[in-house]
Amino acid sequence: MAEKYISKKGRAWAAMNITKKTFGTISTGEEAVLYTITNEAGCKVELTNFGASVVSLWVPNKNGELTDVALGCANAADYEKQTACLGAVPGRHANRIGKGVFTLGGREYQLAVNNGSNHLHGGNRGFDHRLWNHTATQEGVIFSYLSPNGEEGYPGTLLVSVAYSLDEENQLNIEYNALCDQDTVINLTNHTYFNLNGHHSGTILDHRLCIHSGAFTENDPECLPTGSILPVEGTPMDFRQPKAIGRDINQEDVQLKNGSGYDHNYVLGNLEGAFILAAEVLGPKTGITMNVYTTQPGMQLYTANFIHTCNVTPKDGGSYEKNSGLCLETQHYPNAMAHTNFPRVVLRAGELYHHITAYGFGVEKGL
């Protein structure tokens, strides 16, 4: 089924093509779908309602050839088996919560402990392993999910939607919205693993990365923020000037040891929710660049330190090795319920949760 749309706002989307097909079944017998959005320039993104996940993202390289820069699997069954949160929207609370415990409204809530002694990415079956409702619109695809009260231990019935659109400037836009009937906690992000040299091209250690942040949240040995915010200056965490990701990744540094590489939240200083440039990346072999924009106050840098242990069956065959992808997960700070100096992750009953993140692609211009 192929459909074409004209924006009600008058923006020309006539050349944008949206198609939908089956993406196989999961263990319950339910069928997943795969949407493909293609813009006039030929750039395209493939999305599945399993985890509201990015499956592939084809953008032009320095020679004008399309390159798939997103790690992914070939079907829904392979997505169900993997534990890397590949391309997905984790939730209800992405990243870590210490010991899986938080107190809200005078009541203590115990969540699943599924990452050492901590809670990670929503629990044993978070949003990344759910089938979302889906619809195509004039400008892209919207996935929605109704998380019932008590699911994975979280309070309140939460309605969440994630809208993906691809504009004619080769920018993938992601808009998050959520409402809950009780006070709850929420922290949504996208967990796509990018490799700008191509998803099957090896490691991202040669990628040049610039992060517009002068501080990060210190991690303990289980990669859980301690509450301290440390300056990047004079440490391997400093990406204020572009440098190869692999330049310092093997230094004798306690933070790198705690994360088995980079797995850290950067402080963006964006407490008012402005739409800011958070990071810039270059894949040197293809010349593809990626700019990350967000309204979020933080961003997790993760260098796929454990992807090779996560039962991932890559599309197109082969294997994904350690450091084969780069995640730049815009977010609120991990473990925020334990630290009053962190931006809050509490969503009050009836309050709208709303954030926007965009990944814009181009070719090298001197990064």
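**View 1. The largest pocket of the predicted model has a volume of about 660 Å³.** A pocket here is an open set of points on a 1 Å grid over the protein atoms alone, where a 1.4 Å probe fits, with protein on both sides within 12 Å along at least five of seven lines. Its volume is the space filled by probe spheres set on the points. The lining of this pocket comprises 32 residues; Thr 83, Arg 96, Asn 115, Leu 120 and His 121 lie nearest its centre. Lining residues have an atom within 4 Å of a point. This is a predicted model, in which local features need pLDDT of at least 70 and side-chain atom pairs pLDDT 80 or more, while totals for linings use all residues. Residues are numbered from 1 along each chain, and side-chain values use heavy atoms, without hydrogens and water.

**View 2. Helix H2 (254–259) and strand S23 (298–302) each supply at least two residues of the pocket lining.** Helices (H or I, at least four residues) and strands (E, at least two) are DSSP runs. Asn 258 lies in helix H2 and counts as buried because its relative accessibility is 14%, buried meaning under 20% relative accessible area with a 1.4 Å probe, protein chains only. Asn 258 touches Asn 219, Asp 220, Pro 221 and Cys 223, leaving aside residues up to four places away in sequence; such contact means heavy atoms within 4.5 Å.

**View 3. Strand S20 (residues 263–267) pairs with S23 in the antiparallel sense over 5 bridges.** Pairing requires at least two DSSP bridges between the strands. Tyr 266 has Met 299 of S23 as its bridge partner. S20 is largely enclosed by the rest of the structure, because 5 of its 5 residues are buried. Asp 263, Asn 265 and Val 267 cover one side, and His 264 and Tyr 266 are buried on the other.

Terms used. Buried means under 20% relative accessible area, exposed over 50%, partly exposed in between (1.4 Å probe, protein chains only).
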